[in-house]
Amino acid sequence: MEAPGIGQDDVTVRQAELIRAKFANLPAPKELSNEAVLRCAVRLAVAATGLCTRTAFRHCAGNRGTLGGMQEQQAGEGRAEIYTYTGSSSVYACGFSSRPDKPFRLAVGSFIDDYANKVEIIQLDEQAGVVRCNPALTFQHPYPPTKVAFIPDKAGTRPDLLATSGDFLRLWRVVDDGSAQQGVRLEKLLNNNKGGEFAAPLTSFDWNELDPRRLATASIDTTCTVWDVERGLVDTQLIAHDKEVYDIAWGGVGIFASVSADGSVRVFDLRDKEHSTIIYESPQPDTPLLRLTWNKQDPRYIAVLAMDSPKVTVLDIRYPTLPVAELQRHSANVNAICWAPHSAGHLCSAGDDSHALIWDLGALGQQPEGAAPASVGSSLDPILAYNAGGEVNQLQWSSAQPDWVAICFGTKTQILRV
């Protein structure tokens, strides 16, 4: 199914309309400062990405028990398979570094309902068996970052950059060499609103692994923007959906997908910017889709999750509209999903039931070329389950150390061997 695109010339007008609509019930401008307006806007962006009070601040209601028939790991101190870092505030955004000289390094963003937030860069000390934070690499961040990610750099030859999203897209240069000059400084602040000082808040972004000059952002103003981060300029900006865009993921050098409050998954090819392809729409009317992840080893498959749903939906882009798998073993809302960076058949999900589950979907890729995809159905059980100490709101799978995943809950970040 094709959806008509809207050119870049219309974007600024649409941005202004959407922002005015969002703030229609707020006090008149003379009664509300610019900072207050921006703060409200970021709260909208944070809420849109699923960072509601239910996932960020509720405490675990006790042990929910094991999931029948599955192997389950319980958190335990001193075990080599689990390392825990406890911060001073609630955490949400996190991202692994892919540099070979910085194994087990993560950036972790705070989630404080205020202007003053921070990002910490933490590192596993393998000899001591603890995760440490280097105070010299901790920096202040305006508002809670909705996502953090290091530049894809498996060769370790590029500048050590970290991107964060929130009120703006920011690029930070990290000097992590143990010298007196080590620290983090702001490299670029990127604003996609040509017509004013402020921009609509960003809900997410994705760095293109095949072409790290390109980074794509998603915004509550319905747009997706592709940046040339080396030049600090907009490459392409599209009105991608009818409502807020909640997540975005690259599937190739010039192809990306996005999900939105309009309940659709749309795929864009930068060679044809006037059109997009709708590959899936939520079967429940007015049900937003919050997250998606594109399989890097087998780009036929995309996984998505809907708002307030315990189900993960897996799609084959060759066969739009009909899911090839629905994973239904979470007992509460799913908040995060991630394909294994090294395996086409493994997916991890985590949610409000305090569980991180790993699924084996290898059967999806075993169909003959040209054959209709096999549906896994709703009976599939995960091959591994981990019971965390609270509702898990974030999940990342390390591309540099593919045996490890990171989860965030409460004030804790845990690194788990899978």
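Q: Arg-170 and Asp-167: buried or exposed?
A: Both Arg-170 and Asp-167 are buried, where buried means under 20% relative accessible area, exposed over 50% and partly exposed in between, with a 1.4 Å probe and protein chains only. Before we go on, this is a predicted model: local features need pLDDT of at least 70, side-chain atom pairs count only at pLDDT 80 or more, and totals for chains, interfaces and linings use all residues. Residues are numbered from 1 along each chain as its sequence is written, and side-chain values use heavy atoms, with hydrogens and water left out.

Q: What do the side chains of Arg-170 and Asp-167 meet in?
A: A salt bridge, at 2.6 Å from N to O. The term stands for a side-chain nitrogen of Lys or Arg within 4 Å of a carboxyl oxygen of Asp or Glu.

Q: How many salt bridges does that rule give?
A: The count comes to 20. One network of them links Lys-102, Arg-105, Asp-160 and Asp-176.

Q: Where does Arg-185 come in, and which side chain does it meet?
A: Arg-185 meets the side chain of Glu-187 in a salt bridge, 3.0 Å from N to O. Arg-185 has a relative accessible area of 47%, so it counts as partly exposed. Glu-187 is partly exposed too because its relative accessibility is 26%.

Q: And what is the N to O distance for Asp-262 and Arg-266?
A: 3.5 Å, again in a salt bridge between the two side chains. Asp-262 is at 22% relative accessibility and therefore counts as partly exposed. Arg-266 is at 8%, so Arg-266 counts as buried.

Q: Which sense does S17 pair with S18 in, antiparallel or parallel?
A: Antiparallel, over 5 bridges, with S17 covering residues 245-250. Two strands pair if DSSP finds at least two bridges between them. Trp-250 stands opposite Phe-256 in S18, and a hairpin of 4 residues joins S17 to S18.

Q: What about S18 and S19, how many bridges there?
A: 5 bridges join S18 to S19 (residues 264-269), and the two run antiparallel. Ala-257 stands opposite Val-267 in S19. This hairpin has 3 residues between the strands, and Gly-263 in the turn has a positive phi of about 80°.

Q: New topic: where does Ser-309 lie?
A: In the loop between S22 (301-306) and S23 (312-316). Ser-309 counts as buried because its relative accessibility is 12%.

Q: Which residues does Ser-309 touch?
A: Leaving out residues up to four places away in sequence, Ser-309 touches Ala-332, Asn-333 and Val-334. Contact means heavy atoms within 4.5 Å. A polar atom of the Ser-309 side chain also lies 3.1 Å from the backbone nitrogen of Lys-311.

Q: Last one: which residues touch the most other members in the largest nonpolar core?
A: Ala-303, Val-312, Val-314, Leu-327, Trp-339, Leu-347 and Leu-361, out of 20 residues. The elements giving two or more residues to this core include S22, S23 and S24 (325-327). A nonpolar core is a set of buried Ala, Val, Leu, Ile, Met, Phe, Trp, Tyr and Cys residues joined through side-chain atoms within 4.5 Å.

Note on methods:
A polar contact is a pair of N or O atoms within 3.5 Å; within protein, one must be able to donate a hydrogen and the other to accept it, and residues adjacent in sequence count only if both atoms are side-chain atoms.
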